[in-house]
Amino acid sequence: MCPLPLAAAAVAAPRAPLRLLCRGLVAAMSTAQPLISVDYEVFGRVQGVCFRMYTEDEAKKIGVVGWVKNTSKGTVTGQVQGPEDKVNSMLKCSGLI
């Protein structure tokens, strides 16, 4: 069996939306800034350490939306969307940049 490239696997796999999807989307859309979307994959010890729960809590605090899920290869993949400054803040606090 040949593994799918990450982009194809991410599209085909079911996604668990962040629980704050509606309120975060309204907050993001009410700004005058353009919205951006960033796909990410985190490697290392990220499963079994509440990384997804931490990511969801931070997204609520910052006011961004997206999804995050564990992969079968032991990584965590996701997408974060919102105004550029908030997305960058989310990526920094999650250690993604």
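**View 1. Thr 75 in the loop between strands E2 and E3.** Thr 75 sits in the loop that joins E2 to strand E3 (76-83), where strands (E, at least two residues) and helices (H or I, at least four) are DSSP runs numbered from the N terminus. The model is predicted, so that local features need pLDDT of at least 70 and side-chain atom pairs count only at pLDDT 80 or more, while totals for chains, interfaces and linings use all residues. Residues are numbered from 1 along each chain as its sequence is written, and side-chain values use heavy atoms, with hydrogens and water left out.

**View 2. Polar contacts and burial of Thr 75.** The relative accessible area of Thr 75 is 4%, which makes this residue buried (buried means under 20%, exposed over 50%, partly exposed in between; 1.4 Å probe, protein chains only). Its side chain makes polar contacts with the side chains of Glu 41, at 2.7 Å, and of Thr 71, at 2.6 Å (a pair of N or O atoms within 3.5 Å; within protein, one must be able to donate a hydrogen and the other to accept it, and residues adjacent in sequence count only if both atoms are side-chain atoms).

**View 3. The annotated pair, Arg 52 and Asn 70.** An unreviewed UniProt entry carries the annotation "active site" for Arg 52 and Asn 70; UniProt positions are given in the numbering used here, feature names are shortened, and annotations may be inferred rather than shown by experiment. Arg 52 belongs to helix H3 (residues 51-62) and is partly exposed at 39%, whereas Asn 70 belongs to strand E2 (residues 65-70) and is partly exposed at 32%.
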